Amino acid sequence: MVPFPVFWCFALLSNTAASAQWVNIAWALGDNRLPAAVLAVWQISALLGTIPGVLLGARAARRLGHVRTLVWSSAVEAASCLAVAAVAWDTGDGLSTRRALLVAVVCSVTPFAVGFGGPSWLALVGAWPGSASRTRQLLLDSIQFQLGRTAGPPVAALLIATVAHPVPVAAVANSVTFLAVTVIMLAAGRTPGVGPPPPRPADAPRARPSWRLFGSTAVLAAAGYALASDTSRLYVARLVRAADLPAVVFSVTVSVVALTAAGAAAVAARRRIPDRRLAQLGLGLLAAGLLVWATASTLGVPAWIVGGALVGASLPLAHAALTSLVMGEAGDADQATGAAVTMATNTGAVALGSTVVAPLVSPLGPLVFLPLAALAAIALARVRRRYRADAPVPPPAVPVPVGGVSAEGSPPGRPR
């Protein structure tokens with residue numbers, strides 16, 4: 001198998017380019033000359049692309065294995081970046097409303113590819129040979145993801161300031177990195193013993209049905225977390241521009257979010273913190289950060305920076321803990337399904353949130369973050385009520401099934 005540090009470095013390169021592309025697209029579609037509905041269409045397109053991708057990706061992981069699924073995912077994502085580069089080419093005066101809507105729609109291909117490979121990515125990283133804890137592996141993956149998001153915005157700001165067509169340039173560079181990921185995945189696929197998963201034994205214990213996972217506390221909390229965090233960050237660019245602040249403020253804010261996220265993930269990965277506590281800490285920091293962002297009309301640039309630091313620190317903690325909880329309920333035999341449920345829930349929540357929040361952005365300004373902070377607080381209360389530290393756990397009369405979840409919020413017997 002490819003050594004994890006090699007995989008990690010290639011993933012960092014790819015996420016850096018993807019972050020630069022995302023910032024360029026967000027800045028272009030956040031132009032105040034465009035209707036706010038363009039951003040909502042962008043998120044709805046992501047939903048329509050991600051949900052089919054996740055469903056197909058979970059099925060492909062069971063039939064082809066995680067490595068082969070990621071090969072196809074990376075190849076499709078590279079092609080989608082080239083499509084974005086083609087439709088985002090403008091005359092130099094900014095995107096028209098029609099062209100901006102076209103860009104928002106074509107961008108749905110990238111979320112499809114991400115959704116297709118996402119369940120395999122999380123399952124592969126979480127169960128990497130030699131790993132001792134799924135949550136720790138997800139935190140290590142979050143570090144490279146957030147470091148990529150830290151390096152991406154300065155690159156994007158440089159492109160915005162110096163290149164006539166920053167979105168196409170960033171998209172082409174991103175496509176090249178995904179081709180590199182495809183090559184390393186092909187190399188991993190040639191490793192002896194790596195291939196489609198073996199057939200499931202007839203007498204193997206069954207995990208919790210995937211449709212029942214959607215009603216679990218962890219999934220509902222993940223939905224609230226995603227709606228509050230991702231929806232709020234979607235409109236940061238527009239609110240920064242509405243305050244007549246330069247692009248560097250948005251770039252620095254996004255970088256601070258990513259940098260503090262990487263730092264929080266690094267600290268958490270070195271400590272044996274139960275998933276329930278990580279989730280509570282992450283949701284609490286998210287609520288606090290959104291409250292600070294709500295004061296941006298009064299405090300200006302400092303509010304964006306401080307709020308970004310709090311929001312950033314919340315992201316890896318809540319994401320890794322809640323994802324691990326859901327994957328634990330899915331069972332060790334079907335980690336990709338648990339990851340797929342989490343991804344589908346997050347995508348649906350963000351699409352719903354962007355649709356509801358879009359008409360409120362202009363009249364409320366930064367105050368739009370207040371109800372999102374309340375939502376994060378509600379999710380925190382749900383997790384705290386469901387996963388109690390002092391809840392008595394009677395000894396089971398029968399062996400604990402694979403899909404069970406302990407009082408610590410992790411599968412029984414799994415090293416932490």
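**Helix packing and buried residues in a predicted model**

Modeller: Helices α2 and α3 are oblique to each other, helices being DSSP runs of H or I with at least four residues, strands runs of E with at least two, both numbered from the N terminus. This is a predicted model in which local features need pLDDT of at least 70 and side-chain atom pairs count only at pLDDT 80 or more, whereas totals for chains, interfaces and linings use all residues. Residues are numbered from 1 along each chain as its sequence is written, and side-chain values use heavy atoms, with hydrogens and water left out.

Biologist: Why are α2 and α3 called oblique?

Modeller: The axes of α2 (residues 37-64) and α3 (residues 66-87) cross at roughly 135° and come within 7 Å, where an axis is a line fitted to C-alpha atoms over the stretch in contact and the angle, from 0 to 180 degrees, is taken between N-to-C directions. Angles under 35 degrees count as roughly parallel, over 145 as roughly antiparallel and 65 to 115 as roughly perpendicular, with the rest oblique; α2 and α3 are therefore oblique.

Biologist: Which residues of α2 and α3 meet, and how many of them are nonpolar, polar or charged?

Modeller: On the α2 side they are G57, A60, A61 and L64, and on the α3 side H66, R68 and T69, a contact being heavy atoms within 4.5 Å. By class there are three nonpolar, three polar and one charged residues in this contact, with Ala, Val, Leu, Ile, Met, Phe, Trp, Tyr, Cys and Pro taken as nonpolar, Asp, Glu, Lys and Arg as charged, and the others, Gly among them, as polar.

Biologist: What makes S80 count as buried?

Modeller: S80, which has its place in helix α3, has a relative accessible area of 2% and is therefore buried, since buried means under 20%, exposed over 50% and partly exposed in between, with a 1.4 Å probe and protein chains only. Apart from residues up to four places away in sequence, S80 touches V109 and T110.

Biologist: How do you know whether D244 is buried or exposed?

Modeller: D244 has a relative accessibility of 70%, so it counts as exposed. D244 sits in the loop between α10 (236-242) and α11 (247-269), and it has a positive phi of about 60° although it is not a glycine. Most residues other than glycine have a negative phi.

Biologist: Why are S314 and A318 called buried?

Modeller: The relative accessible area of S314 is 0%, so S314 is buried, and A318, also at 0%, is therefore buried. S314 is found in α14 (residues 301-330), and A318 lies in helix α14 as well. Leaving aside neighbours within four places in sequence, S314 is in contact with G282, L285 and L286, while A318 touches Y225, L278, A279, G282 and L283. The C-alpha atoms of A318 and L283 are 6.1 Å apart, although 35 residues separate them in sequence.

Biologist: What span does helix α12 reach, and what is expected?

Modeller: Helix α12 (residues 275-293) has 19 residues and reaches 27 Å from first C-alpha to last, close to the 27 Å expected at 1.5 Å a residue; the expected span is 1.5 Å times one less than the number of residues. Among the buried residues of α12 are G282, L283, L286 and L290.

Biologist: Which residues have the most contacts inside the largest nonpolar core?

Modeller: They are L29, W42, F250, L290, W304 and F369, in a core of 103 residues, to which α14 gives the most, with 13 residues. A nonpolar core is a set of buried Ala, Val, Leu, Ile, Met, Phe, Trp, Tyr and Cys residues joined through side-chain atoms within 4.5 Å. Beyond residues up to four places away in sequence, L29 touches L34, V38, L39, W42, L95, A100 and A104. A100 and A104 are among the buried residues of α4 (residues 97-106), and the buried residues of α4 pack against α1 (4-29), α2, α3 and α5 (109-126).

Biologist: What makes T217 and S251 buried?

Modeller: T217 has a relative accessible area of 13% and is therefore buried, and S251, at 7%, is buried too.
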